[in-house]
Amino acid sequence: NLQANVMSNVSDAIYVLDLNFNIVDVNKAFLQITGLAIDDVLGNNKIFDTYPENIPDNIKQRLQKGLTWSGELKVVKPNGDYYQIELNVNTMLNDDREISHYVAAFSDITQRKKTEAELRDLSNIDPLTKLPNRSYFQYAHRNLIRRKESHALLMMDIDNFKNINDSMGHDEGDKLLCMIAERIDSKIDCQHLLCRLGGDEFAVLLDDINVITQVLYEIESAMQTPFYLNSEMLVMSCSVGVAIYPNDGETTENMLQSADTAMYHAKSDTGFSYQFFSSSMNDTAVRRVKIESLIRQALKNDWFEVFYQPKIDLATQTIMGMEALVRLDHPEEGMIYPNEFIPIAEDTGLIIAIGEKVLDKACYATQQWRKSGLFNGRIAVNLAAKQFAQADLLQRIEHVLECTQLPLANLELEITESTVIENPELAIKTMEKLSSKGIHLALDDFGTGYSSLSYLKRFPIHTLKIDKAFIDDLSNEKDDGNLVASIISIAKNMNLSVVAEGVEEEFQVAALVALNCETIQGYFYSKPLSEDDFTTYLLKSNLSKNYNYLNK
């Protein structure tokens, strides 16, 4: 009959269900699309179970109320493949206008969806570099602006790129653009969006303005290595303009204009350059990136020097130990002090490499002074938070001591209160490992953090260092030493030695003597000295060579 012919010949899949949702009839198209056999279908009431979670109940509830349902679904085949359908489900009424069956029809839209996805890619992806294009950049940027999120826009173009196109042709120029795009994309973090705006212009969206200098460094690093095109070596550079939301613009268009203006001012023929739209921020960022670059150069060229500041035993007036302090002595920039480069080194993780250099140099120098009979105490080396968190910290330290031949007992590690209080339980385990090997431990900057006395009792430390801020509060006019006296009292009750650092005035020495402080460190006795100058200091000092400070 006509109804059977229609069911048999239409391209859409059709199936009929009874009131219990059992399949009572299907057409050929249904079997072809689903990959099911007729014997597996008839009487089956699980057809809706192949649809996404919560959809089956929704369909059934609507049908039982005499309503229709339509929508697009992703359906899983028995073999695990999936296909996408556009489904319409209706009720069938009998002569009494009561629901007798349900009928569903669907078409396979898998190919259509695939084509739509490809078209979306074409509209959002740059066909040359395969990076997101200007259209997608604008979409992503407007989303950031709509959410009022602080972010930065880096706009960059390749310096003198027109010369490449003119001399080597546009095909070769396109190849070079692809190489540049791939290299920069591999360097910067995947959470940052790199787009090609067109021509030789690229943009990077950063949703964290604190990483601007790091990303600028990564872009510079990506461009430093020469490119090879048709056996020719090309040294390329780029110029970058930086705009920050909302100060430099509250719309995509304004931000692009600000970044473009900054990029224009950054234009240079001498290599990688960048400019912030805000001049005040530019000065700070320029210095930060410059310092980071100097740190990397210094690590490579061994420009880090270790200076030594003596610790004086107040009872004997002799040198009982010294602290190793790092300096960056650049051949052109001159001496760069820790307060400028240490925070940047900590942010970038370079502090680990610096710390290892300091440890190695300090241990080697101390062993030479020991062998020559000039020194019989401990060298104190600071451990940065990232160093302290290393799983193989003890092995690294033991390796340095083995190479320099310095006994474990001659090493003291200074750990700041803020470092250990970040994760006290883990810190205790780490300190116990170090202490069990005979390494002396000192808690630096005590009183400036938030550690409780209950934790302090559990820390396997040997020394408390009183921060300079508390020493500065000592007065020669009145008794302002209550805090210092309290710290010394705590240390004595816990059988810990005490070192007061930052001592600069004679009245401070007198106050500390009165408070029974054992050891002081500061400019009153000596500023930090280079290795050669410290050797001279040791030779001139009234050193009691037979006094063994390792037992203190």
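**View 1. Threonine 463 and its polar partner.** The side chain of threonine 463 makes a polar contact with the side chain of histidine 440, at 3.1 Å. Everything in these views comes from a predicted model. Threonine 463 sits in strand β19, which covers residues 463-466. Is threonine 463 buried or exposed? With a relative accessibility of 3%, threonine 463 counts as buried, because the cut-off for that label is under 20%.

**View 2. The largest pocket.** Here we look into a pocket with about 990 Å³ of space, the largest one. Its lining takes in 37 residues, and Glu323, Leu325, Pro338, Asn382 and Asp444 lie nearest the centre. Quite a few elements give two or more residues to this lining: the strands β14 (318-330), β16 (378-383), β17 (411-416) and β18 (440-446), plus the helices α12 (338-348), α13 (351-371), α14 (385-388) and α16 (417-422). Which element gives the largest share? That would be β14, with 5 residues. Sorted by class, the lining of the largest pocket comes out as 15 nonpolar, 11 polar and 11 charged residues.

**View 3. The second largest pocket.** This one has a volume of about 310 Å³. It is lined by 18 residues, and Phe388, Ala389, Gln390, Leu426 and Thr430 are the closest to its centre. Two or more lining residues come from each of α14, α15 (393-404), α16 and α17 (424-436). The top contributor is α17, which gives 6 residues to the lining of the second largest pocket.

**View 4. An antiparallel sheet of 5 strands.** Follow the strands across this open sheet and you read β2-β1-β5-β4-β3, with antiparallel pairing. At the edges stand β2 (23-26) and β3 (69-76); each has a single partner strand, so one side of each is left without a neighbour in the sheet. On average, neighbouring strands here are turned by 30 degrees against each other, direction ignored. Now pick out β4 (residues 82-93) and β5 (residues 99-108), an antiparallel pair held over 9 bridges. Which residue of β5 stands opposite methionine 92? Look across to histidine 101.

**View 5. A mixed sheet of 5 strands.** This open sheet runs in the order β7-β8-β6-β11-β12, and its pairing is mixed. Its edge strands are β7 (193-198) and β12 (273-276), each pairing on one side only. From one strand to the next, the twist averages 20 degrees. How many bridges join β7 to β8? There are 5, and the two strands run antiparallel, with β8 spanning residues 201-206. Glycine 198 has glutamate 201 of β8 standing opposite.

**View 6. Strand β13 and its partners.** Strand β13 (residues 304-313) is mostly covered, with 9 of its 10 residues buried. Antiparallel to β13 runs β14, joined to it by 10 bridges. Within that pair, glutamate 305 stands opposite arginine 327 in β14. The two strands make a hairpin with 4 residues between them, and in the turn glutamine 317 has a positive phi of about 55 degrees. β13 also pairs with strand β21 (residues 519-521), again antiparallel, through 2 bridges. There, isoleucine 312 stands opposite isoleucine 520 in β21.

Technical notes:
Residues are numbered from 1 along each chain as its sequence is written. This is a predicted model: local features need pLDDT of at least 70, side-chain atom pairs count only at pLDDT 80 or more; totals for chains, interfaces and linings use all residues. Side-chain values use heavy atoms; hydrogens and water are left out. On a 1 Å grid over the protein atoms alone, a cavity is a set of points where a 1.4 Å probe fits but cannot get out, and a pocket is an open set with protein on both sides within 12 Å along at least five of seven lines; lining residues have an atom within 4 Å of a point. Grid points are joined across faces, edges and corners, and a volume is the space filled by probe spheres set on the points. Ala, Val, Leu, Ile, Met, Phe, Trp, Tyr, Cys and Pro count as nonpolar, Asp, Glu, Lys and Arg as charged, and the others, Gly among them, as polar. Two strands pair if DSSP finds at least two bridges between them. Axes are lines fitted to C-alpha atoms, for helices over the stretch in contact, and angles run from 0 to 180 degrees between N-to-C directions. Buried means under 20% relative accessible area, exposed over 50%, partly exposed in between (1.4 Å probe, protein chains only). A polar contact is a pair of N or O atoms within 3.5 Å; within protein, one must be able to donate a hydrogen and the other to accept it, and residues adjacent in sequence count only if both atoms are side-chain atoms.
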